[in-house]
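Subject: A structure for you to look at

Hello,

Here is the structure I promised to pass on. Have it open while you read, and I will walk you through what was found.

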Amino acid sequence: MFFQSHARTAVLLFVLIGLVLYAATGSYFAREIVVEIAILAILAISLDVAAGYGGMVSLCHGAIMGMSAYTYAILSVKFGLPTLPSAVGGIAAAAVFGTAVGWITGRTAGIFFIMATLAFGQMAYTLIFKSRWLGGDDGMGGLDRFDLSWLGINLGDSLSFAVYTVVCLGLVYLAAAWVLRSGFGRTLSGLHSNEDRLQALGVNTVIHRARALGFSGLLAGVAGILAAQHTLYISPELLFWTVSGEILIVVILGGLGTLVGPIVGAVLFVMLKHEVSEYTNHWHMVVGLVLIAAVLAGGRGIFGQIEYWAADRRRAGKEQSAEAGDA
Amino acid sequence: MLELKGVVSGYGETRVLHGTDFVVAAGSVHALLGRNGVGKSTTLKTIIGHLPLQDGSIAFQGSSIDRSPQVNARRGIAYVPETRDIFGSLSVQENLELAGRLAGVNPEWTIARVIDFFPNLKDRLSNGGQELSGGEQQMLAIGRALMTDPKVLVLDEPTEGLAPIIIQQIFAKLKELKSGGMTVLLVEQNLSFALGLADDVSLMSRGQIAWRGTATDLRNDDVAHEKYLGV
């Protein structure tokens, strides 16, 4: 079950404020990095809800995000809708897609679930890749960002846009934390630890899996809108399975089932990518080595491992003071 | 309340039950006994729907049980597995709340009543499921089953691996449930525990019921003892 410790709040605020400061003091390039981190972190939180809490390791979160981005593009470019309802439509499409995948794969588990989500993701990718109406592999352009001039904010400005994505990241975190702390979050934990037992307590696990992936899809949908608004151009690459794989790497790197870990993972992943690629093109190899180290160290991820150490030290401290009390 | 007729079931191709029949009367405690590997746990898993019924019938309150454990649970069959299966990532309170979501508007069993019933759990409410002792886990597993407001409680070896003093406590609690009118189907290796609680007894051998009678009958039947329970 999710709990918001002081350490988590502290790390969350530290990262969010750090990102805003980095964007505010940095160059255009720094702001691009902040946007990239924020979008990846939202996706990683979305996957953490499904995989870390619900035990559903999905390889279609890239596709879910892409569905949102494409729906946003279709509604605003093809049908000429204003940006806000288009964004709502995009997020809803992602939630519906997630729910559908969860519903259909509701009785599969483990490797079969992973393969099924991979298949759904690739189906969505192929569908869009082959669609002439959607521009095929050329993608779609002509997108707009929100018009927030009534708030005195110009999202066309790189700093404002970077701050806006960080605010969205904060809101997504709050939404995920709120849902995971509800009764639904408990059911999700139960689903993860023993699905049979949950069924024997009368819980319809298929519906809950569908709901979980639907909510996770909704969060991924937010990332899709931001991705579309970021580049103002979208291509089927967004839906390709390697994007989903990258999200999974970020979650595992940061710490599965910690919600803050995925944000830490996203920061690390994007930073490593940009720093290392200044020296070599093989930045994937460096990320791979870090990932292997993180997995071999116990699979808790970087943030998860730090939490584990802290808990260990607290326990040791308690025992010591208990011994002192005895003496 | 629960009636099994010619039940055939097992794991995939391997059949374990070859025509099991017995009836659990409402308000009684029915003990299902026998040596290891005769099909006791398989019988329970088939009743709740974890294993598919390959032949025969199982009726609960006059109508056939469902293929889905979830539907059977909603109809009032609560199962406490041998492994207890506490949700380790949830606290004691959360384990109970999760099960309680199923109960109706005016549940008979609330968290307060479960804690009243198992006072050991009171100080452990905020503890994680993984931090409990075996006895506390068993109490929580039974408490969690009660939170679904069951009509029949299906228990698989509730005393397994527990200290004698804890076994006594659990015994007293099940006795209390029984006098409250709860129907119980009990699989148990601990003979004195089972006979102390049970009204009726079925002895299983090779996937079938080989002997049936009351607990008193069994106490006086040395032959059945020797043949189906002795080692």
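This is a predicted model: local features need pLDDT of at least 70, side-chain atom pairs count only at pLDDT 80 or more; totals for chains, interfaces and linings use all residues.

Across the interface of chain A and chain B, the rule finds 2 salt bridges. One of them joins the side chains of Arg197(A) and Asp85(B), at 3.0 Å from N to O.

Which elements of chain A give two or more residues to the side that touches chain B? They are α7 (183–193) and α8 (195–200). Of these, α7(A) brings the largest share, 7 residues. Sorted by class, this side of chain A has 6 nonpolar, 10 polar and 3 charged residues.

Now for the interface as a whole. Chain A puts 19 residues into the contact and chain B puts in 22 residues. The size of an interface is often given as the accessible area lost when the parts come together. Here the area buried between the chains is about 1,700 Å², and carbon and sulfur atoms give 57% of it. Three residues stand out on the side of chain A: Arg186(A), Arg197(A) and Leu201(A) supply 39% of the area that chain A buries against chain B, more than any other three residues.

Next, find His208(A), which sits in helix α9 (residues 205–231) of chain A. Is His208(A) buried or exposed? Its relative accessibility is 11%, so His208(A) counts as buried, the cut-off being under 20%. Leaving out residues up to four places away in sequence, His208(A) touches Phe184(A), Thr187(A) and Val203(A), and also Arg101(B) from the other chain.

Finally, turn to chain B and its helix α5 (residues 134–146). With 13 residues at 1.5 Å a residue, this helix should span 18 Å, and its end C-alpha atoms are 18 Å apart, so the two values agree. How many of the 13 residues of α5(B) are buried? The count is 11, so to speak a mostly covered helix. Among the buried ones are Met139(B), Leu140(B) and Ile142(B), along with Glu136(B) and Arg144(B). The buried residues of α5(B) pack against several elements of chain B, including α3 (92–100) and α6 (164–179), and also against α8 of chain A.

Enjoy exploring!

Best wishes

Conventions
Residues are numbered from 1 along each chain as its sequence is written. Chains are lettered from A and ligands numbered from 1 in the order in which they are written. Side-chain values use heavy atoms; hydrogens and water are left out. Helices (H or I, at least four residues) and strands (E, at least two) are DSSP runs, numbered from the N terminus. Buried means under 20% relative accessible area, exposed over 50%, partly exposed in between (1.4 Å probe, protein chains only). Contact means heavy atoms within 4.5 Å. Buried area is the accessible area (1.4 Å probe) that two parts lose on being put together, summed over both. A salt bridge is a side-chain nitrogen of Lys or Arg within 4 Å of a carboxyl oxygen of Asp or Glu. Ala, Val, Leu, Ile, Met, Phe, Trp, Tyr, Cys and Pro count as nonpolar, Asp, Glu, Lys and Arg as charged, and the others, Gly among them, as polar. The expected span of a helix is 1.5 Å times one less than its number of residues.
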